[in-house]
Every structure is written in structure tokens, then in C-alpha cells.
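I opened my notebook to go through this model, and here is what I looked up. Have a look along with me.

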Amino acid sequence: MPRRILVIDGVDGFDEARTALRAGFEAIRAEFAVRTAFPPEALAAAERAAREAHPAGPRRVDRTDLPLVTLDPPGSMDLDQAMAIERRAGGYRVWYAIADVAAFVRPGSPLDIEARARVETFYMPDVRVPLLPPVLSEGAASLLPGQDRPAIVWCIDLDSAGDTTAVEVSRAVVRSRTRLDYPAMQGALEQGTAPEVMNLLREVGGLLRDREAVRGGVSLNAPEQQVVADSDGWRLEYRAPLPIEDWNAQISLLAGFAAADMMLYGQVGVLRVLPEPEYATVGRLRRAARALKIRWPDGESYATLIRRMDPAKPRHAAFLTEATSLLRGACYEVFNGTVPDRPVHAALATQYAHVTAPLRRLADRFATEICVALCDGDPVPEWVCEALPTLPHLMETGDRRAKAVDRACVDLVEAVLLRDRVGEVFEGVVLDLNDRVDWDHNGKPDAGVVMLREPAVIGRLDGHDLPQGAELRVQLVSADPAARRVLFDWIDADMRPPKPPEPKTPGPRTEQPPAPDSRTNGASGA
């Protein structure tokens, strides 16, 4: 499931806000028990592994001939994936190298124990809290350019329509040629100056998107919130994902589909599954579409509608944020000896496994080892089989905590950057309603969530009989960094009845509703 992402860009130079944010982020780490420091024994194990692990081995193929490149956000150092794409007679060959974390992490070691406690990397606005110590995640295990690295290499052949025709996976030693980033390569593609592998990525990624549509799958490209510093201070902006990010995600999904098929055939593995959305969930989304004045013809699937949405348009962005409700319920399912009854990820409309981010996500190391063993015709390692039953709880606990941390960080930034703007009026769209808050008991909600046009804030809104999907003016009533909460009031008096007086005794209005799930939204993370 994608998560809402917060990026802070160019924050130096605004001391007061920076100090408040730094203190707030530290408080969030303490509140959610985010482990920033590694135990000495885990660090020692990582440093020893970095010194002693050798890229080559008796069962490792030399694939340093492959012209692999990495493609990530600017400045990334934890490089899990490197790709090379070839055009072949009748189709394509995709080489996808994944960092071989098992070459560095010994089962049962202090490093392994610490990784199981962390579960995944936390990307907080002020600091990255890694799954593995930086000596590995940004050093010896990372697929940095010009360095020989142990890797798991997927070789996936596609026909001219993008359908998979053959898959192999093996241990290898690889050497990435260069480190590329999304904005630079998107610009190069638009200017016609991109390297050939990026042209092929666009071509193959587009084919895979078409196959997704045929399957009935969907990828949510909901806008991200981004904090930018300029000469006048700070501002919050929405950022729509670049097309190249989706093409790259399609390659990761391709490997995940191949891994799931392999594990189902071998009757052992760990899948990422998602049930079909409930009828009520789809019905609620249809009501949101009507409120947002988005045409949803009878007979058109939600997946087809979502593909028509443009996240750069405010109403479409609001609908995409609402559509994240379709992805609730994703979980991990393990099996050994029998296959699950419903081994499908409903949003992807096929079987899927996480195998492409082992530097950042715990489960990928175990799933990858299963695939390598099955492809080699070997028994799955005992340490993997022993860990399988524990993985769903570990992963779900870690993912739940990561989402809570993401939400808390964005709430904090919104409150800090708006604290001096109380009383100002903004324009926004009513994104969601809270049916539990009904001051006058007329069956129409009096509280909800508003998505501002500018700045990029999604906050609590109070107002009598709020109209979902309406574009309206709201006034900032409070911005409390300590509580990580902003509150708006609907002020279009000509459009609404006057607000009833405050109750003298505590009632529904005094109760702060829980943060709506629709505020959390991130491809390989499906």
C-alpha cells in the first residue's frame, strides 16, 4: 500500500521553525519507539560482515558484464535495485539485480535480531532510520556504481505485449555502471537526451501498465506533500509523482509477480495479499466521486476510473486520496506445503510478493532466499522456514508503526508552518466527512477533512452540514505543534446556516475524531 510521503527541501536558514521541527521529530521517535541507534553488537556484526563478505562465491555467477544502472530519488545511497533492459527479437529481456542482504546478515546474529526488531527503514523528514547499519545499507551491500557487489539477479523475458515468457533467478556478482535519479532522467526523456536504458524503461514500463489495465489492476498515484524553503520562509506544496517513477515501479512489480508465481509453484513462500474491497467501501467511493463532480459511469470499474485521474487537478487529487481506502487490509500470508485459498493482491489483480527492497524491508530477504532455492532445485534453508510463521506479525506491526510515524510527521510540519497564520482564510475541497459528529442531530455531518489548494495541508474541518466534495473557503482556527493538530472552520456564511451554539456539557463536538485513514497513502510498497 502506498504511503503519504513528506519531503523537506532546503530547510537550513529558518532557525525557529527548524528548532521546533527538530524537537517535534525527536518527540515522535520517542513516542513510537523508533530505534535510531544500533546496539554495539549489531554494529560490530555489520562492520565485520562488510570487511569479510566477498562478492564472488562458489555458486555466484559473474555478471559484471551487465550494463546495470540504479534509478532512485536524488541523493539515495541505500540502493537495493539495479536494472538493464535489452530489446530482443519478439520482445525484451529485463535484468533486475537486487542487493543480496543474506550475504551479510547471518541468521540468529545480533544484526539479524536487530533487523527483525526494526522491520523496515523509516524515512523521516529530518533523518533516515535504516533497517540495517549504514556500513551495509549505504556501503558494502548497496549497489553503488563502480563497485562489485553480491546480488540476486532476476532475468525476465517479455514478449512484445509485455507478457512474461521466461524467468530465472540466481546469485551473482554485479557492478552497477551509474547512479541515476528520477527528476534528471524524466527531464532527459522529455528533452530526448536520455540514455537508451531509460528509453527502454519508458517503453517496457508502458507495456506493463497496459497489462495491469487488462488484468483490472490499479496503481494509485496520489499526490505527496512536500515542504519547501524559499526567501520568504517555508511553504507546503503538493507533488504529483513523475511518470518515470511509475515505470520503474512496474519493473519492481514484475519481479514481485515472478517471485509469487515461483513460490506458489513450490508451495512455500510469503505473499503480499489484499482482499477485494467491500461493497460498502466502493459505494462510499462512488458517493465521494459524485460529491467531487467526477463522472463515474455505470459499469466502469474503480480501477479504470482511477487510471483516468490526474493528480495535478485538485478534485482528482482529492479522489485519489479517498481511493486509498480500497487498499486497506493488505497483509502478508505465509505457506509451506499448501497454497493459500486466495493468494491474490486485489489492487494488482494477480499474485505478488515483496522481493525487491531487502535493504529497507525485512520480509524481502526471506522471500528472495525461497526463490533462489526453488530455482536452484535446493531445499529452502531451515532458518527461512523457521522464520516464516513470525513474518506476518512482524511486518504488520512495523508497517502500522511506520504509517503512524508518517502521519505524525506531516501533522507536526503542518502545525509548525501554519502556527503564525491563525485567522487566515484558505480555499479547499471537503475530502471526507465524520458521520459521528452531528451537532444538531439532523443526520448531516458537521465535521470532516479539508484538503487545501495551497498550502498542501489536509486538516480537520468544522462546519454545519458540510457538503462533501464542495470547494469552499475555510479559516484556520488553531495550529498546535504540541498536539500536532490544525483545525479549520467553514466560513462561507452565504452558503451555510449559522453554527448552533456550543453545548454547555461535553458532547460530540468536544471529542476529536480519529485521524482519517484516507490521509495515509507509496509501488513496491503495495
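**Helix crossing**

I began with α6 and α7, which cross in the left-handed sense. I keep in mind that this model is predicted.

Next I looked up the geometry: α6 spans residues 196-215 and α7 spans residues 243-266, and the two pack at about 65 degrees with axes 8 Å apart.

Then I checked who meets whom. On the α6 side I noted residues including M198, L201, G205 and R209, and on the α7 side residues including I244, W247, I251 and F257. The residues of this contact divide into 10 nonpolar, 4 polar and 5 charged.

**Cores**

I looked for the largest nonpolar core and found 89 residues. L71, W154, M198, L201, I244 and M263 have the most contacts inside this core. Its largest share, 11 residues, comes from α7.

Leaving out residues up to four places away in sequence, M198 touches V69, L71, L180, M185, L189 and I244.

There is also a second, separate core of 36 residues, with M124, F426, V430 and W490 among them.

**Strand β8**

Is β8 covered or open? I looked up residues 148-159 and found β8 mostly covered, with 10 of its 12 residues buried.

I then traced its partners. β5 (residues 91-99) pairs with β8 in the antiparallel sense over 9 bridges, and V94 has I156 in β8 as its bridge partner. β9 (residues 164-175) also runs antiparallel to β8, joined by 11 bridges; here D157 is bridged to A166 of β9.

Last, I checked the β8 and β9 hairpin: 4 residues lie between the strands, and G162 takes a positive phi near 95 degrees.

Notes: Residues numbered from 1 in each chain as written. Predicted model: local features only at pLDDT ≥ 70, side-chain atom pairs only at ≥ 80, totals over all residues. Heavy atoms only, no water. Axes fitted to C-alpha atoms, helices over the stretch in contact; angles between N-to-C directions. Left-handed = near helix turned anticlockwise from the far one by under 90°. Contact = heavy atoms within 4.5 Å. Nonpolar A, V, L, I, M, F, W, Y, C, P; charged D, E, K, R; others polar. Core = buried A, V, L, I, M, F, W, Y, C linked by side-chain atoms within 4.5 Å. Buried < 20%, exposed > 50% of the residue type's maximum accessible area, 1.4 Å probe, protein only. Pairing = 2+ DSSP bridges.
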